[in-house]
Amino acid sequence: MEIRIANVRKEFGRFPALHDVSLNIRSGELIALLGPSGSGKTTLLRLIAGLEHTTVGKIYFGDEDASQKSIQDRNVGFVFQHYALFKHLTIADNIGFGLRVRPRATRPSRKEIRRRASELLDLVQLPGLDRRLPRQLSGGQRQRVALARALAIEPRVLLLDEPFGALDAQVRRDLRRWLRELHDKTGHTTVFVTHDQEEALELADRVVVMSQGRIEQVGGADDIYDAPASPFVFSFIGESSSLPILVRDGEAFFEDERVSLPVRDCEAGPSRLFIRPHDIDVVADGGGTFSGNVTMVRRNGGGRRVELAIGSGGHRVEIEVPAEVAPAIGSTISIRPRRWRVYADAAPTGPVTTAAAMKAAEPSRAVAAE
Amino acid sequence: MARTLTQSRFRKPSVIPGFGLTFGFAVTYLSLIVLIPIAALILKSASVGWDEFWRIATDGRTLAALRTSFGLSLIAALVNMFFGLILAWVLTRYRFPGRRLIDAMVDLPFALPTAVAGIALGSLYAVNGWIGGFFDFRITYTAIGITIALIFVGLPFVVRTVQPVLEDLDKELEEAAATLGAGRWKTIFRVILPPLLPAVLTGFALAYARAVGEYGSVVFVSQGIPYRNEIAPQLIVIKLEESASYGPAAVIATVMLALAFLLLLCINLLQAWGRRRFGSAG
Amino acid sequence: MPAEKVFVPPDYQRPTESPPEVAAIPFRQRSAVTEPVWVRTILIVVAVGFVGLFLLLPLVFVFVQAFSMGFGEYFEQLSEPYAQSAIRLTLLVTAIAVPANLVFGIAASWAIAKFEFKGKAFLITLIDLPFSVSPVIAGLVYVLLFGAQGYFGPWLEANDIQIIFAVPGIVLATIFVTFPFVARELIPLMQEQGTGDEEAALSLGASGFKTFLFVTLPNVKWALLYGVLLCNARAMGEFGAVSVLSGRIQGFTNTMPLQIEAASKEFSRTAEVAAFSMASLLALLALVTLILKTFLEWRYADRLSSSAQAH
């Protein structure tokens, strides 16, 4: 089932949770909604399910306008973050619930419902647990039961809200792999919400990165990681540092000093340079793009993390060096970015040349780091 | 004393002082005020002899009074169960002007002396009263009047046992039922009400037990005509007044007490069952 | 490496607080988890009507009747000697019964909540016992002990001690019926709070009594007040148990509730006002109790036990 979200806006009271969101989900796709809390990802999922109604905009299932349908008629499989299993029903009755509440005309027989429940239990690899009550199962088992229950109604789309959020790390990894296999086997169009980027990038065909009620970028893991569409995506996915720079006449300036950084294609004006720790080279003879004082060194698995304070503003930049290199605190290191991105600051508009004006445009985080 | 108790197997050791003093005082006080007097009651009723006990307990008037007490209390408790459930639902789920006032008012029967409730209900439902005037049949001095008084005294129980459970009920359960295709009524009957059941039954049993023992408000709405609408506590008072020996009153009281204990036992079993089945009870 | 020109929100690093994603506004349109408007309306009307008819109306009625012959008559009736004596007796009985049960409640909850011992659950059940005993039976048991034909009757008579049909009997009956109130508010709360605070105080050198006074008591003071409030309301209003024991001698052993009954049996306008004016005092007490209770629940909800059952 193809899903089309067309210019959807959602407000809670006067609080806008989603601004003008559009998204096409292909049939059979496994898609992740990724973002920090408050980004609107859960709201979007609940809108698709019909648990909330759009303030403006429409949601199409195929060619059909689902916004006009009640939640009961939408036929979506929704897996809740805390599973929402019915405590007073056995596992089999939980899974069969969606079939049992159908109107008499379309309701399968009791025997058929039982058969389907045990079939689904086999599918989620929990055979023989039909008679148990939810509280007799572990978290991971409950998660699978919740999934089986959602699948029992043969949903047109499967929606999962933070499906692994309440589980511990090991179970989480196993379930993740298992969900991917299950998806490949059943082919349901699947949307899941997560705040865990590793989960999103590893599991999903495409990732929708959201922030503050807007979609920042939609793409596969490579797109998102290698070509972040916005500073938000760059800093939200993976580790990064940033420096305020000024782009003028195709050249880059840092604290009024020209730095050797090819920025010919960049828009002129105050901008920010984003770099990842492992995309930075240390230059031995002081001929790097930036140089800074070592403020902290710590061992980090196979390598070593070095934190530098760069320029008179003391901007914090983290770099990764081989474990053999152990610079002394207070020593000066020269660095050159290997891969980077420059994003122009939005305001103020007009020609800005002075260092003072540049400082004013800095996001608060950089100031706080001084 | 406290030292020796610390070593005993009766309680686990603890650094906190005062067990001997507080435990001793509490048990002594409990014995003097409650246990010994109740033991005296049972002793007294036993002292009349088995045949006499049976004769008093199965006397027509006694049985009629017990039937009136337990029967009307059952009706009152059922009414309270039904309306109590609606009240608890409305108070937890809906927001409307005056909700807090209604919520606070529910406890009125706990705070208002039964004599005050009795005299007010008695006058309100009298043939020339504010409400009684609307009906062309008698309410006070009849079983209906007694039932109304019993509804009053038992009103808060179901509301107050169901309310916290309803508040804790995860909204996601209802959403899950909706996504699985269940309509609102099916959701209510298959998803919401089953977990409420232990709390509802507990509240029902408490309201029932309270109504069975009620005396203060009933005497204002019913004089108690033997064999017709005399309640058991009324009969106990009459037996106490008319008989020089306390035997008959003690026998009826013992029977009532036994039935009340049965109810208490039911409450405890219900709560235990609810905790086993649903993780929590009211 | 192509650089990009992208709009940067000024505070993109800091997303705002989580939105009320599952707002609990019941009048939300067409929500999946609420009822149609007409159902909600009917249920609210039924609930409000039920409370109005069974609770609010009797309460209002008491005051209307009390003042039905004007303020003058109201105060006239309340200053009658019998009325005065009933008020004094009720205050006296309450002043003895409530502190007695307060001390018991504190002792019992300390022993039960701070220690582990065998038979604890049974002890808690016994404390709740008076709730499931009819007030009439509560009165009866003391008649059986101290009445003329009772177990201690002859001895009491020989020593010229009057318990039944006198103040001590009324006090005993009142203590019986209000027995569990303080204890059952304190026990669950103190059990929940555990013994950590007390152990800390003791390890810092505080004596047992000081530990109780400065550590335990402040932790439970609102629940304690709550229990005293309910205990007080019941003590002043008890009818059944007291009526069995008092002998109903006007001006001597009639408490306020008994005086209401006495007045209600005389069929005159002034007697009716007398009954209802006395009732209005107790109704006022109930209102004050409810207001304080509501205030305590609203203000200190987290420090009161959640068990609001059987009062």
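**Note on cavities, a pocket and one interface**

1. The residues that line the second largest cavity divide into 4 nonpolar, 4 polar and no charged, where Ala, Val, Leu, Ile, Met, Phe, Trp, Tyr, Cys and Pro count as nonpolar, Asp, Glu, Lys and Arg as charged, and the others, Gly among them, as polar. The lining consists of L30(A), L158(A), L179(A), L182(A), H183(A), T186(A), H188(A) and T190(A), and its largest share, 4 residues, comes from helix α6 (residues 169-186) of chain A. The space in this second largest cavity is about 50 Å³.

2. The model is a predicted one, in which local features need pLDDT of at least 70 and side-chain atom pairs count only at pLDDT 80 or more, while totals for chains, interfaces and linings use all residues. Residues are numbered from 1 along each chain as its sequence is written, chains are lettered from A and ligands numbered from 1 in the order in which they are written, and side-chain values use heavy atoms, with hydrogens and water left out.

3. On the search itself: on a 1 Å grid over the protein atoms alone, a cavity is a set of points where a 1.4 Å probe fits but cannot get out, a pocket is an open set with protein on both sides within 12 Å along at least five of seven lines, and lining residues have an atom within 4 Å of a point. Grid points are joined across faces, edges and corners, and a volume is the space filled by probe spheres set on the points. Over the whole structure, 6 cavities of 30 Å³ or more are found.

4. The largest cavity holds about 130 Å³ of space. Its lining has 17 residues, of which L112(B), T114(B), R210(B), R234(C) and E238(C) lie nearest the centre. At least two lining residues each come from α6 (108-111) of chain B and α10 (208-237) of chain C, with helices (H or I, at least four residues) and strands (E, at least two) taken as DSSP runs numbered from the N terminus. By class, the lining of the largest cavity has 8 nonpolar, 5 polar and 4 charged residues.

5. The second largest pocket has a volume of about 820 Å³. Of the 30 residues that line this pocket, Y141(B), F220(B), Q223(B), S264(C) and F267(C) lie nearest its centre. Two or more lining residues are given by each of α7 (114-124), α11 (218-221) and α12 (232-242) of chain B, together with α12 (256-264) and α13 (269-299) of chain C. By class, the pocket lining has 12 nonpolar, 12 polar and 6 charged residues.

6. Chain B comes to 13 helices and 0 strands. Contact (heavy atoms within 4.5 Å) joins 20 residues of chain B with 26 residues of chain A. The two chains bury about 2,100 Å² between them, 61% of it on carbon and sulfur atoms, buried area being the accessible area (1.4 Å probe) that two parts lose on being put together, summed over both. In chain B, E172(B), T179(B) and L180(B) lose the most area to chain A, together 32% of what that side buries.

7. How many salt bridges are there between chain B and chain A? The count is 1, a salt bridge being a side-chain nitrogen of Lys or Arg within 4 Å of a carboxyl oxygen of Asp or Glu, and the side chains of E175(B) and R46(A) meet in a salt bridge at 2.5 Å, N to O.
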